[in-house]
Structures are given as C-alpha cells and as structure tokens.
Amino acid sequence: MSEITSITPTRPYMVRALYQWIEDNALTPYLMVDATAKNVQIPTEHVQDGRIVLNIASRATGNMSMENDYIHFNARFGGVSQEIWVPLPAVLGIYAKENSQGMFFDPNEYDNYQPEEEPFTSTAKQGKSPAASKPKRDNKAGLKVLK
C-alpha cells in the first residue's frame, strides 16, 4: 500500500498537457478551482458555489508557472492586477471555453498522497501567503506579439 501512496498524482501533468493542447489550438483554457481549498489565493468576490473559473490563457495572464504542487500567475480582475496561487489539489478541471473539451479530476486523487514535504507549510505556519516565500522576478523588458 505504501508504494501506491508514494506515486505522484497525474493531475499536474494532465493540467500542463491540456493547457498546451488548448493553447496550440487557439482556444481559451479555463481552470475550475475549489475556492474553499487550503492555500488558494484568488479574488474571492468572483467565487460562486465555492468555485471559481479562471481564464489562464497566455494572453490573459502574466508570469505563469505550472509546477507539480501549484499554479501561480498574475491576472487582472476589474482592471486590478492580482497574484493568483492555486495548489494542484484545488484544481477541479481544465477545459476550453469555446467547446468545453478538457478534463475534470477525481476529487479523491490526493486523499492518500503524502508529498515528501508540504509546499506551503513553512509559510502557512508563519501566517504568510505562499507568494511571500517565492523570489520576485526581475522586471526586465520582454517580447510582445503585436497584431
């Protein structure tokens, strides 16, 4: 039984793969998130029924990072830039806005999974957000596609 619980969940890999597929097909990737999950940092004014759907298209986000334990990016809500943190256990699904093709995940996938270390425990104990422990990105000019 311990061998089974040490296998990493498939969710982070499937989210990254479907995100890439949706973007490659010029569709808009939407991420459905459990807003009640631990360590979720989202704009709470947009939560409905304990969930929020986020547009994670590359044109709608900045500094996107999809790791095995979290998704982090900057996005604008009502013209105000906000830092978003979504732990992977809080991701309920990813799908294309235009045709609803995508995947929703087993809510129990993380029940028996024990990571080597909790990604946010040290910052959560100090009362800080997960963002507080991450190094800031240097503000350097980047390329922009103009049409």
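## Core and sheet of a predicted model

The largest nonpolar core holds 26 residues, and those with the most contacts inside it are Val-15, Leu-54, Ile-71, Val-86 and Ile-94. Here a nonpolar core is a set of buried Ala, Val, Leu, Ile, Met, Phe, Trp, Tyr and Cys residues joined through side-chain atoms within 4.5 Å; buried means under 20% relative accessible area, exposed over 50%, partly exposed in between (1.4 Å probe, protein chains only). Two or more core residues come from each of α2, β1 (29–34), β2 (51–55), β4, β5 and β6 (91–96). Helices (H or I, at least four residues) and strands (E, at least two) are DSSP runs, numbered from the N terminus.

This is a predicted model: local features need pLDDT of at least 70, side-chain atom pairs count only at pLDDT 80 or more, and totals for chains, interfaces and linings use all residues. Residues are numbered from 1 along each chain as its sequence is written, and side-chain values use heavy atoms, with hydrogens and water left out.

Let's turn to Tyr-19, which sits in helix α2 (residues 11–24) and is buried, at a relative accessible area of 12%. The table gives contacts (heavy atoms within 4.5 Å), leaving aside residues up to four places away in sequence.

| Residue | Contacts include |
|---|---|
| Tyr-19 | Pro-29, Ile-56, Met-64, Ile-94 |
| Ile-94 | Val-15, Tyr-19, Tyr-30, Phe-105 |

Now for the sheet: three strands form an open sheet in the order β3-β4-β5, with antiparallel pairing. Its edge strands, β3 (61–66) and β5 (80–87), each pair on one side only. Strands pair if DSSP finds at least two bridges between them; β3 and β4 (residues 70–77) have four bridges.
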